[in-house]
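I opened this notebook to record what I looked up in the structure shown below. The entries follow the order of my reading.

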Amino acid sequence: MATHTSKFWKPGSEPPGSTLSEERVSSEGQGSSVVYNPYRNLSLEQQRLKLPVFQHRTNILYLVESYQTVIVVGETGSGKSTQIPQYLLEAGWAAEGYMIAVTQPRRVAAVTVATRVSEERGRMLGQEVGYTIRFDDVSDPEATRVKFMTDGMLVREMMQDPLLSKYSVVMLDEVHERTIHTDIILGLLKKIQKKRKDLRLIVASATMDAEEFKDFFNTNETGDSRNDTAAVLSVEGRMFPVDVHYSLDPVPNYVKATVETAIKIHHNEKPGDILAFLTGMEEVEQVVSLLIEEARKIPRDSQKMMVLPMHGSLPASEQMKVFQRTPNNVRKIVVATNIAEASITISGIVYVIDSGFVKLPAFNPKTGIESLVIVPVSQASAEQRAGRAGRVRSGKAYRLYTEEAFHTLAPSTVPEIQRAGMASVVLQLKALGIDNVVRFNFLSPPPAQNMVRGVELLYALGALDDNGRLTNPLGYRMAEFPLHPLYAKMLLISGEMDCSEEAVIIAAMMQIQNVFITPPKQKIQATNAKRRFSALEGDHLTMLNVYLAFVQHNKRPKWCHENFLNYKGLCRASDIKDQMTRLLKKFKIPLVSCEGDAEKLRRCLTAGFFANAAKLHYSGEYRTVRDDHPLSVHPTSVLYTETRPQWVIFNEIVQTNKDYMRDLTAIQPEWLYELAPHYYQYGTDRELAAKRARLGDR
DNA sequence: GAGCACTGC
């Protein structure tokens, strides 16, 4: 583990240098963009033996043999992700036709770890070692013994094979990230373990919350630890020490403090790149422009600064820039959102600036609205950020808050499953045979209200019957779609509404972000380009126009570029469209075109999204039909115009200063009563209020 | 007239 020594320091003053760390820096003497690997000249086999986890090989195999669940706490660089699966393989856990599954929260991780492991074994990827991610299955049902996959893929597999009968061991990696999928798998595996005593589970986490996992999986109630069914093992990492510096006083403005701190580091500290964590794109751009202003003041013969933004809505080409090496006399300063905390790794970082804040989604069960809120980071998250400075050599982390403030932070971030809408989760659990979802054994149970809200929505969509059971065939089919239930409903009804070909495209297009690219220097051209695709009916038909034009121009990257469209995103939409089409064929839903009849499509959208309906209020804003909640049109919508339709349906609400509806289509009010009579059976506001009161929904 | 943490099936 990286050692942390706390020091006091005040932003705006000179950051203190540590004699100890200065010595370490000079003794390492590494180039700033080189990942330090002291074993790079050894063979792959020799490198394997040098990893910290190797010392624990025998013990790990013993524990897996003796306990149903083994929790492995291992820091970055321990080698647990690549080695433990191989130890299991070598010890015979994949004999007799059994397989070993290893899950990762992200697609790239599943692919890179699988690639590394197959290299180490000297075999071709997709044979003994393979991976399975959505749209890319590089595994062989006969030959593959170790399969790396995304956690979401394992949930899908469990719908087909609830006891995971193919596997002898399931290893869940990066469990500390607590994705919704990982949490679902944890609950399901606890259940499976009762029926399959032979199945082994390895829970790998980077943080010290091992006891919580152990208590969850330990079924021993005798009080005698010799009967435990779960065990914990810690594996040391291979990281360099990071000195942590706290702010002496609370920082009134972390955006300004980030700029000041970066400048001070640049002028006073040894070479090494800087990574700063902020909460959103706007803050990132602000800091970048302030730093570029400062960079201009640097004298010609001094070390230069290269300031780069890093956030999710940056085009791929811009994102690539942060990975490029910089010349010796240039210091790279990457200003990033949380994307750099776990999703991407930038080499050469020696200094980290932590604003202490993060933007996270929250769910309000009263309104059913998901929003993004800026909140203080957790201690675990702050440690993760600081750790980003210790991958190349010893580094320094500057926290823009006091040490006292750090100790008041929550130990770990609230798991995603407690902060999200539950409609999809409830649908998936029901499909997995969990009848009583409210009493499902979650490691961290979501608020009951969130679950109730999810159940209500599924009932309204016709996926659940009066007894809360999955309906046949609608509910079962909806669960098979890798989409939010609202889209699944729309697609499943699109056949009988004579527009399934177009509905599939719309559903696919709605899954990708940033379809339209707006380069800051060509704002006007980009806006004009977007206007060419705009449909009067709303955003859904606009997206349909974009996709149809993309196909008409043979999916050419050059055409996308000229029209300010996200080429990679459109390719992804094409993959999703194909997958959805396959599912519709499987359910024998006819593939028919509406032949340009927009009304058919708008009705079909209403059949899926009737719960998200709003009416224009005399104030000029909209109100939800169901509970009179005020809403505005999002500025990115094509319906963000002077003349607004009286009635609309929308995909989602984003909450900033106001509650904005995103992705809208104009509808006729009578369609609501026609297509969702059960939901809108009470016509007047007063009757609606009465119904709400009875449901205890206020 | 004004805004988009990050994944994943």
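**Entry 1, a helix pair.** I began with a definition: a crossing is right-handed if the near helix is turned clockwise from the far one by less than a right angle, and left-handed if anticlockwise. The model I examined is predicted. With that term settled, I looked up how α4 and α5 cross, and the crossing in which α4 passes α5 is right-handed. I noted that two packed helices are described by the angle between their axes and the distance between the axes. For α4, residues 80–90, and α5, residues 107–120, I recorded an angle of about 50° and axes 10 Å apart. Angles from 65 to 115 degrees count as roughly perpendicular and those under 35 as roughly parallel; α4 and α5 are therefore oblique to each other.

I consulted the UniProt record, an unreviewed entry, which places "domain: Helicase ATP-binding" at residues 61–226. Over residues 61–226 I found 39% helix and 22% strand, with the end C-alpha atoms 18 Å apart. The UniProt annotation "domain: Helicase C-terminal", also from an unreviewed entry, covers residues 258–433. Over residues 258–433 the chain is 32% helix and 26% strand, and the end C-alpha atoms lie 50 Å apart.

I asked how many residues surround DNA strand B. There are 29, and the closest are R107, G312, K359, Y640 and T656. Of the atoms of DNA strand B that come within 4 Å of the protein, sugar and phosphate account for 60%. The largest share, three residues, comes from α6.

An N or O atom in the side chain of T150 is 2.9 Å from a phosphate oxygen of DNA strand B. R156 places a polar side-chain atom 3.4 Å from a base oxygen of DNA strand B. For P482, a backbone N or O atom lies 3.0 Å from a base nitrogen of DNA strand B.

Which residues does a cis peptide bond join? I found N472 and P473 joined in this way, with omega about 5°. P473 lies in the loop between α15 (448–461) and α16 (474–480). L164 is not a glycine, yet I recorded a positive phi of about 50° for L164. L164 is in the loop between α6 and β7 (167–172).

Notes: Residues numbered from 1 in each chain as written. Chains lettered and ligands numbered in written order. Predicted model: local features only at pLDDT ≥ 70, side-chain atom pairs only at ≥ 80, totals over all residues. Heavy atoms only, no water. Near = heavy atom within 4 Å. Polar contact = N/O pair within 3.5 Å; in protein donor to acceptor, adjacent residues only side chain to side chain. Helix = DSSP H or I, 4+ residues; strand = E, 2+ residues; numbered from the N terminus. UniProt positions renumbered as here; feature names shortened; annotations may be inferred. Axes fitted to C-alpha atoms, helices over the stretch in contact; angles between N-to-C directions. Parallel < 35°, antiparallel > 145°, perpendicular 65-115°, else oblique.
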